[in-house]
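Subject: Structure for you to look at, with notes

Dear colleague,

I am handing over the structure we spoke about, and I would be grateful if you would read the notes below with it open beside you.

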Amino acid sequence: MSESRLRFAPSPTGNLHIGTLRTALFNWIYAKAIGATLVLRIEDTDLARSQAEFETNIVQGLDWLGLTMDEGPFQGGELGPYRQTERNQLGFYKAHADRLLQLGHAYHCFCTEADLDQERAAAESDKRPYVYSGRCKALTSSDVQEKMAAQIPFTVKFSIPTGPAVRVKDVIRGDIDFDRSLIGDFVLVKSDQTPSYNFAVVVDDGMMGITDVVRGEDHISNTPKQILLFEALGYMVPKFAHLPMILGPDKSKLSKRHGATGVTEYQAQGFLADALFNYLVLLGWSSADGKELMTRDEIISRFTLERVSKSGAVFDVTKLRWMNGQYIRRQTPDELLNHVMPYLSDRVRLALDALGSDRFRSAIYSIRDNLDVLTDCNSFLEVYAMEPTSFIAQVQAYGFGETDRTVISSFRAHIVGVTDWTVASIEAAISTVVTETGLGKGKVFKPIRIATSGQPSGPHLAELIWILGQSVVVQRMAEVVGLLDQKI
RNA sequence: GGCCCUAUCGUCUAGCGGUUAGGACACCUGGUUUUCAUCCAGGCAACCGGAGUUCGAUUCUCCGUGGGGCUACCA
């Protein structure tokens with residue numbers, strides 16, 4: 001039994017994003033791979049930007065992908081609550097801040113934004129790197145009392161202890177050293193008395209017993225600050241693994257301006273959760289045996305952080321679409337039916353309903369090779385939903401020749417007489433037409449396809465005819481023959 | 001600007017001193033198929049540059065260059 005504990009800690013300041021989802025995915029897979037407990041923690045300390053609806057969107061997205069959490073705001077757990085605003089109300093951060101204050105690792109800072117801007121500007125004009133001067137550290141306790149009595153807004157800042165470079169031991173990247181003189185005292189508690197990100201993260205990871213932190217590369221430079229805090233607070237420092245970024249086509253960090261980045265959008269476009277899952281794990285990780293199409297279990301059993309790559313990966317929708325098509329083709333008829341159902345237009349849905357449930361399912365299964373995304377289903381299902389008038393128009397638009405006429409009358413004669421309406425007997429009828437007319441297959445199939453479905457391409461012909469149904473086909477053949485007779 | 005990460009086909013990647021630098025997507029060609037698609041076969045295509053280390057560097061080191069991230073009382 002492993003004691004490992006991982007966490008996924010999104011902030012509800014926007015809808016679930018592909019990049020965030022990928023972090024969740026890697027945490028989930030790694031947790032499964034090592035038998036760790038996975039915690040969902042909502043980092044909503046940014047009161048201005050956090051919204052409940054975003055939290056809902058995130059949770060639903062995780063749920064869609066099947067990224068189950070072991071502990072979290074909805075599943076509960078011993079070490080909750082799992083929202084930082086709630087934890088703040090319980091005074092967790094205050095208690096930790098007080099402790100640091102007492103230990104002399106933190107101090108009250110009354111600098112205003114203008115003060116800080118001035119320091120920054122001065123540093124810039126001197127061409128030296130900006131770090132907060134730490135001037136408020138010099139304040140005596142009576143100074144502090146005085147200012148607090150005067151209601152001057154303040155923050156609590158962490159006093160960076162002196163010492164050698166801070167070493168981040170990254171599982172993926174190796175050791176990274178940071179010069180602590182460049183870090184500068186930073187805010188622990190904001191003037192509204194809510195914790196800053198770096199503080200809340202450490203308090204929570206410490207309290208929740210997090211042993212492994214797997215997150216995006218954009219957090220590397222936060223890590224030394226957090227390590228110092230873990231140490232000051234007396235918590236065990238977790239292991240760190242920083243995942244490479246997911247990039248847009250222009251290679252910059254994937255963001256809204258790259259178009260569809262919301263997980264909900266991919267769902268709406270008809271991507272399968274399993275396909276997205278599979279595609280995403282391949283962005284920054286590869287299996288040792290080179291296998292790409294893998295089930296979740298296959299991924300979990302092959303997964304190691306050592307095989308995570310270090311450089312950013314461009315999100316390539318084309319390959320995602322291909323992979324989605326692969327997953328679609330592996331579905332059983334019933335699975336495909338269930339997945340396609342929500343994407344059917346009312347018109348197509350109605351037309352298919354008229355076929356009965358058996359042929360409904362077959363109709364959908366018949367177009368599986370054409371689908372990359374589920375939203376494409378309606379256009380391919382159009383053959384089954386053609387209106388009588390547009391059918392006639394299609395037939396008329398096709399210039400039937402003399403041999404076509406022969407083929408159609410022959411086919412009509414055979415199809416009328418079919419007593420057991422099966423794909424096999426339809427195929428037999430078509431072969432009979434081929435031998436009877438002495439024409440090549442191409443000369444036979446094409447006119448039959450047009451005359452039965454009104455379209456030059458579509459599903460396998462006999463299957464298509466079977467799904468259309470004998471009465472419809474017979475009726476259409478009569479219509480087509482009638483049309484051809486008129487022409488002459 | 002400072003700090004940090006990073007660098008193999010267009011894209012995702014394998015490689016962990018000696019390989020004809022492999023695979024996947026995309027693309028091109030051919031085959032199968034009644035058509036589109038699927039499927040199968042083949043093809044095109046890459047080690048950022050310069051110094052080192054070494055008998056030998058895609059691989060190790062350093063310096064450039066490119067790309068990215070962070071530099072907030074955002075997370």
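**Aromatic contacts**

Phe 154 has a relative accessible area of 15%, and because the limit for buried is under 20%, this residue counts as buried. Please keep in mind throughout that the model is a predicted one. Phe 110 is likewise on the buried side, with a relative accessible area of 8%.

A search of the whole structure turns up ten aromatic pairs. In one of them, the ring centres of Phe 26 and Phe 303 are 5.7 Å apart and the planes stand at 80°, so this pair is classed as edge-to-face. Since Phe 26 belongs to helix H1 while Phe 303 sits in the loop between helix H11 (296-302) and strand E11 (313-314), the contact ties together parts of the chain that are 277 residues apart in sequence. Phe 26 is buried, at 1% relative accessibility, and Phe 303 is buried too, with a relative accessible area of 6%. Phe 110 and Phe 154, for their part, form a tilted pair, with 5.8 Å from centre to centre and 50° between the planes. That pair also links distant parts of the chain, 44 residues apart, for Phe 110 lies in the loop between strand E3 (106-109) and helix H5 (113-125), and Phe 154 in the loop between helix H6 (141-149) and strand E4 (155-158).

Phe 26 and Phe 303 also belong to a cluster, in which ring pairs link them with Tyr 30 and Trp 285.

Two rings carry a charged group over the face. Lys 157 is placed over the face of Tyr 132, at 3.5 Å from the ring centre, and the charged end of Arg 296 sits over the ring of Phe 277, 4.1 Å from the centre of that ring.

The lining is made up of 43 residues, and the closest to the centre are Ser 11, Thr 13, Thr 20, Asp 218 and His 219. Two or more lining residues come from each of strand E1 (5-8), helix H1 (18-34), helix H2 (52-65), strand E8 (212-216) and helix H9 (263-268), and H1 provides the largest share, with five residues. Sorted by class, the lining of this pocket holds 13 nonpolar, 18 polar and twelve charged residues. Both domain 1 (5-59 + 67-77 + 200-243) and domain 2 (92-198) contribute, each with at least three residues in the lining of the largest pocket.

By class, the lining of the second largest pocket divides into twelve nonpolar, three polar and five charged residues.

**Backbone details in the loops**

Gly 80 and Pro 81 are joined by a cis peptide bond, with omega at about -5°, and Pro 81 lies in the loop between H2 and helix H3 (84-89).

Lys 127, a residue other than glycine, has a positive phi near 55°. Its place is in the loop between H5 and H6, and with a relative accessibility of 78% Lys 127 counts as exposed. Gln 151, again a residue other than glycine, has a positive phi near 65°; Gln 151 is found in the loop between H6 and E4 and is exposed, with a relative accessible area of 69%.

Finally, Gly 438 is located in the loop between helix H19 (423-437) and helix H20 (441-453), where a relative accessibility of 63% makes it exposed. From C-alpha to C-alpha, Gly 438 lies 9.8 Å from Val 407, although the two are 31 residues apart in sequence.

With best wishes

Key
Residues are numbered from 1 along each chain as its sequence is written. Chains are lettered from A and ligands numbered from 1 in the order in which they are written. This is a predicted model: local features need pLDDT of at least 70, side-chain atom pairs count only at pLDDT 80 or more; totals for chains, interfaces and linings use all residues. Side-chain values use heavy atoms; hydrogens and water are left out. On a 1 Å grid over the protein atoms alone, a cavity is a set of points where a 1.4 Å probe fits but cannot get out, and a pocket is an open set with protein on both sides within 12 Å along at least five of seven lines; lining residues have an atom within 4 Å of a point. Helices (H or I, at least four residues) and strands (E, at least two) are DSSP runs, numbered from the N terminus. Ala, Val, Leu, Ile, Met, Phe, Trp, Tyr, Cys and Pro count as nonpolar, Asp, Glu, Lys and Arg as charged, and the others, Gly among them, as polar. Domain bounds come from an automatic or database domain assignment. Rings of Phe, Tyr and Trp (its six-membered ring) pair if their centres lie within 6.5 Å; planes under 30 degrees apart count as stacked, over 60 as edge-to-face and the rest as tilted. Buried means under 20% relative accessible area, exposed over 50%, partly exposed in between (1.4 Å probe, protein chains only). A charge sits over a ring if NZ of Lys or CZ of Arg is within 6 Å of the ring centre and within 35 degrees of the ring normal.
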